[in-house]
Amino acid sequence: MKINLFKKKQMKWCLSATALLLLFASCNKALHDGPIDSTYGDAFWVSQSNVEKATAALYGQFRADIRQGQSYFIFGDLTSGTFLPASNNSNFQVKASTNPPYNFSYVPYKEGDLQDWSRFYKVIAQANLILENVPKMSASSFPSESSRNRYLGEALFMRAYTYFYITRVWGDPVYVSRTFNDVDYGHIPPIARSDEDKVLDTCLIDLRSAAGYLDYTDGNPSLTTRANKATVYAIMAQIFAWQHQYDSTHIYCQKVIQQGGYSLESMDNYANIWKGKVSSESIFELPMKYNADDPNFKSQNDWAEAKFDFFGTFLKGDLVDNKNTSCWVAPSGGIVDNTLFDTTKDLRFRRFFRKVAASGGDQAGYLLTKYTDFNYQNPDAKTNAYIDNDLVLIRLADIYLLDAEALAHQNDLAGAKDNLEKTESRAGIDSYKDVQTKNDVLTEILKERGRELIGEGIWYYDLIRTEPELHWLERVGYPADRVLPQNKGYYWPLNMNTLFPYDNLLTQNPWWSANADR
């Protein structure tokens with residue numbers, strides 16, 4: 001039997017026979033203790049139904065990984081300074097200074113969840129298993145070659161997307177480029193980190209192959225929890241933007257816009273975006289709605305579809321059946337109301353923020369109410385409420401605004417403003433009309449992405465990507481020397497105490513290596 005390894009220490013994967021059959025199993029936190037269960041041997045790769053189970057587990061593992069410790073929102077939102085957690089929340093203890101504000105230290109956060117990338121290599125290993133074994137299966141195992149290829153396309157997409165996710169959080173990843181047989185245990189060499197641009201170039205190769213295996217879905221909302229050709233092109237556009245290759249960014253944004261079959265929701269139907277497989281705007285989402293048949297629901301482990309504390313991090317009081325007394329609040333006089341939103345005109349602010357007084361250790365400010373759909377474990381009595389939303393990872397508004405950024409970089413300011421108008425007019429504002437220079441247009445795009453995508457785990461990466469031109473990381477409180485390209489202080493540190501003993505070629509990110517006492 002073969003296994004994909006990321007580090008020298010042997011891996012123990014939580015996807016055992018029972019876990020795979022149920023698709024949502026409890027995961028052992030020890031990542032590298034031994035080989036994958038024999039369920040993944042030759043006896044497993046014999047039918048399409050088993051490949052379907054392995055693919056469902058691929059998506060399920062990624063969902064469990066990004067939800068762990070609310071890391072998805074911490075990485076993409078909290079570090080941008082738009083929200084602050086309660087001052088008495090021992091899980092975070094964010095050390096945000098007042099001059100400058102929001103100067104995050106990161107180190108006080110939970111090391112296990114936020115400085116250890118190991119869990120994401122479970123997704124990569126699962127994708128590699130599919131990519132290695134599915135091509136060797138008999139043709140009779142599938143109704144057609146296109147059916148086989150669809151699974152290959154999904155695995156290629158998830159592997160590329162996971163590497164891109166790792167890169168945006170920690171920078172240079174460790175790239176797994178080969179498989180090892182059982183006989184290699186104990187003889188696997190340490191693996192150094194690879195340059196992020198080279199890894200992303202490899203991801204683009206994977207994604208081009210994936211696009212050839214997958215079809216468009218004509219924007220069918222019921223199919224948004226699986227990768228399709230538009231999903232692939234959307235991530236390609238994001239990677240090209242991350243690499244500042246804006247001509248290619250525009251090309252792939254247009255493929256999604258022109259051929260994907262998606263459309264923007266009206267403001268009246270805006271909340272549909274997160275209701276789960278019903279929105280014409282959603283391109284790719286993860287199922288997180290309450291499921292009474294989910295065997296993991298009662299234990300609320302990371303493989304349960306509904307998990308209260310994920311979306312619940314933004315909510316408290318009657319919004320969450322009084323389960324929370326504190327949460328993340330956009331503080332009054334902060335980035336949200338002083339910098340991003342026109343609080344009197346913007347319909348997104350008026351409909352999806354609720355003003356609250358200081359309480360429960362929270363500052364006075366605003367609660368984000370995007371994620372307030374509910375289901376009840378006891379629906380007749382309306383007790384045991386659970387937040388009942390999907391997590392939308394990619395949607396059409398994101399692509400329009402990314403295309404606007406690409407057009408502005410190519411000096412097509414009129415085209416960029418046309419795209420800005422699509423999301424701003426929906427929200428009842430017209431700030432795009434007042435910007436004229438390239439820098440002003442780019443700044444307005446960045447602010448509009450902050451408004452449109454707030455609380456969706458995205459805006460901090462926008463700040464990193466646009467830092468060379470706009471320098472907004474300093475504006476939200478990061479010291480200028482920290483975010484220099486050679487220091488990379490916008491990336492998270494790695495927990496070297498956990499990771500280094502098993503890969504002695506692993507290196508810390510420069511800012512954290514030079515400032516080890518932080």
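**Figure 1. Overview of the predicted model.** The protein contains 19 helices and 9 strands, where helices (H or I, at least four residues) and strands (E, at least two) are DSSP runs numbered from the N terminus. This is a predicted model in which local features need pLDDT of at least 70 and side-chain atom pairs count only at pLDDT 80 or more, whereas totals for chains, interfaces and linings use all residues. Residues are numbered from 1 along each chain as its sequence is written, and side-chain values use heavy atoms, with hydrogens and water left out. Of the 518 residues in the protein, 59% are buried; buried means under 20% relative accessible area, exposed over 50%, and partly exposed in between (1.4 Å probe, protein chains only). Among contacts (heavy atoms within 4.5 Å) between residues at least 6 apart in sequence, 69% join residues at least 24 apart.

**Figure 2. Close-up of helices α13 and α14.** Helix α13 (residues 396-409) packs with α14 at an angle of about 155°, and their axes are 7 Å apart. Axes are lines fitted to C-alpha atoms, for helices over the stretch in contact, and angles run from 0 to 180 degrees between N-to-C directions. The two helices α13 and α14 are therefore roughly antiparallel; angles under 35 degrees count as roughly parallel, over 145 as roughly antiparallel, 65 to 115 as roughly perpendicular and the rest as oblique. The crossing of α13 with α14 is left-handed, a term for a near helix turned anticlockwise from the far one by less than a right angle, with right-handed used if clockwise. From α13, the residues A397, Y400, L401, D403, A404, L407 and A408 meet L413, G415, A416, N419, L420, K422, T423 and R426 of α14. This contact of α13 with α14 comprises 9 nonpolar, 3 polar and 3 charged residues. In this classification Ala, Val, Leu, Ile, Met, Phe, Trp, Tyr, Cys and Pro count as nonpolar, Asp, Glu, Lys and Arg as charged, and the others, Gly among them, as polar.

**Figure 3. Close-up of helices α14 and α15.** Helix α14 (residues 413-426) and helix α15 (residues 438-452) have axes that come within 11 Å and cross at roughly 25°. This angle makes α14 roughly parallel to α15. Their crossing is left-handed. On the α14 side the contact is made by L413, A416, K417, L420, T423, E424 and R426, and on the α15 side by K438, V441, E444, I445, E448, R451 and E452. By class, the contact of α14 with α15 divides into 5 nonpolar, 1 polar and 8 charged residues. Helix α15 is mostly covered, with 11 of its 15 residues buried; among them are V441, L442, I445, L446 and G450. The end C-alpha atoms of α15 are 21 Å apart, in agreement with the 21 Å that its 15 residues should span at 1.5 Å a residue, the expected span being 1.5 Å times one less than the number of residues.

**Figure 4. Close-up of helix α9 and its surroundings.** Helix α9 (residues 246-259) has 14 residues and reaches 20 Å from its first C-alpha to its last, close to the 20 Å expected at 1.5 Å a residue. Its buried residues are Y246, S248, T249, Y252, C253, V256 and I257. These buried residues of α9 pack against α7 (196-213), α8 (229-242), β3 (282-286), α13 and α16. After α9 comes G261, whose phi is positive, near 85°.

Figure 5. E467 lies in helix α16 (residues 459-470) and counts as buried at 6% relative accessibility. Not counting residues up to four places away in sequence, E467 touches W472, L473, E474 and V483. E467 and P485 are 18 residues apart in sequence and 9.5 Å apart in space, C-alpha to C-alpha. K355, in strand β5 (residues 353-356), is exposed, with a relative accessible area of 57%. Leaving aside neighbours within four places in sequence, K355 is in contact with S332, G365 and Y366. The C-alpha atoms of K355 and S332 are separated by 8.8 Å, although these residues are 23 apart along the chain.

Figure 6. Most residues other than glycine have a negative phi. D218, in the loop between α7 and α8, has a positive phi near 55° and is exposed, with a relative accessible area of 64%. K488, in the loop between α17 (472-475) and α18 (496-499), has a positive phi near 50° and counts as partly exposed at 22% relative accessibility.
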